[in-house]
Amino acid sequence: MRPYLTSLTLLISVFLSNHVQSETQLLITSSANQNTLIEITYPKTIRIEQAIRDGLTQLPMHNKSSSNNLVPIYWLGAALLDIKNTASLEAKRQQVLSQLIQMGEATDDSHYIAQLAKLAQFIRKIKLGQRVIQPLDIDLIRINQSFNAVLDGRFLLVLPPRPTTVTLLGAVEQMGSYEWQSNIDSKEYLKQAGLLNNAETSTVWIIQPDGKAIKQPIAYWNHQEQDIAPGASLYVEFSSLFDDYTQLNKNIVELLRNRAL
């Protein structure tokens, strides 16, 4: 009798465990920086198409301009982030913050220290989640079922308006937002921001609003043209780092790919 009860207990435990895990939570917003979020809890797993549909239904009630008009969604910058399974990203964030502090302690250059502190503040504040790397435009999801995966867990859906700036950060003199201009090359943005003495000058990372990361050659001998979308981030690597800092640039790029506008 005891083996039967044990098997029955295990069966019930598995059923209850699966039932709990199937609950899916979806947070919806037009900006990852907003504190006010629309939250929907589903009793089971859902697909991406339903998440987008529900976002499109709910968000217009909270996303209107001052003239009460609906704000168009910038689909290139739309993001779906898994905000439950973030342990790996948080570990990278803490490693980056620790190394930036060590870099500041290794110099007496006050301007350099200040720029490192600005970068650390930016990294500390960004909302992180494992990004679902795919188009989120509902029309594309309808015609391509590979874009309509099952969601199970806790997710943040960001459906932003079209931004008017790009963000420059890393080994730059003036980190921050710069006005986006069509047909402007990354080298023009870097001229505006300036470069620190230990900046990598032959390449720059372009993290597009959809999370795609492109390492663009920019030196006179290897320059390649690359479009930069509104809302993109340009990250200039730190060069001549100590051996134990080799992951710093890689980790920062990974963090930038897994954030939302």
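**Close-up 1. Packing of helix α3 against helix α7 in the predicted model.** Helix α3 spans residues 87-105. Its axis and that of α7 are 9 Å apart. The two helices pack at an angle of about 135°, which makes α3 oblique to α7. The crossing of α3 past α7 is left-handed.

**Close-up 2. Residues at the contact of α3 with α7.** From α3 come Leu89, Lys92, Arg93, Gln95, Val96, Gln99 and Met103. They meet Leu248, Asn251, Ile252, Glu254 and Leu255 in α7. By class, the residues of this contact divide into six nonpolar, three polar and three charged.

**Close-up 3. Helix α7 over the strands.** Helix α7 covers residues 248-257. It lies across β8, β10, β11 and β12. Strand β10 is formed by residues 203-207, and β12 by residues 233-236. Relative to β12, helix α7 runs at about 175°.

**Close-up 4. The open five-stranded sheet.** Its strand order is β9-β8-β12-β10-β11. The pairing is mixed. Strands β9 (176-179) and β11 (213-217) are the edges, and each pairs on one side only. On average, neighbouring strands of this sheet are turned by 30° against each other, direction ignored.

**Close-up 5. The pairing of β8 with β9.** Strand β8 holds residues 165-170. Four bridges join β8 to β9. The two strands run antiparallel. Threonine 167 has serine 177, in β9, as its bridge partner.

**Close-up 6. Glycine 55 in helix α2.** This helix runs over residues 48-58. Glycine 55 has a relative accessible area of 0%. That value is under the 20% cut-off, so glycine 55 counts as buried. Leaving aside neighbours within four places in sequence, glycine 55 is in contact with Ile28, Pro60, Leu157 and Leu159. Serine 30 is 25 residues away from glycine 55 along the chain. The C-alpha atoms of glycine 55 and serine 30 are separated by 9.7 Å.

**Close-up 7. Glutamine 115 in helix α4.** Residues 110-125 make up this helix. Glutamine 115 is buried, at a relative accessible area of 4%. Neighbours within four places in sequence are again left aside for the contacts of glutamine 115. The residues in contact with glutamine 115 are then Val172, Glu173, Gln174, Met175 and Leu196.

How values were computed:
Residues are numbered from 1 along each chain as its sequence is written. This is a predicted model: local features need pLDDT of at least 70, side-chain atom pairs count only at pLDDT 80 or more; totals for chains, interfaces and linings use all residues. Side-chain values use heavy atoms; hydrogens and water are left out. Two strands pair if DSSP finds at least two bridges between them. Axes are lines fitted to C-alpha atoms, for helices over the stretch in contact, and angles run from 0 to 180 degrees between N-to-C directions. Contact means heavy atoms within 4.5 Å. Angles under 35 degrees count as roughly parallel, over 145 as roughly antiparallel, 65 to 115 as roughly perpendicular and the rest as oblique. A crossing is left-handed if the near helix is turned anticlockwise from the far one by less than a right angle, and right-handed if clockwise. Ala, Val, Leu, Ile, Met, Phe, Trp, Tyr, Cys and Pro count as nonpolar, Asp, Glu, Lys and Arg as charged, and the others, Gly among them, as polar. Buried means under 20% relative accessible area, exposed over 50%, partly exposed in between (1.4 Å probe, protein chains only).
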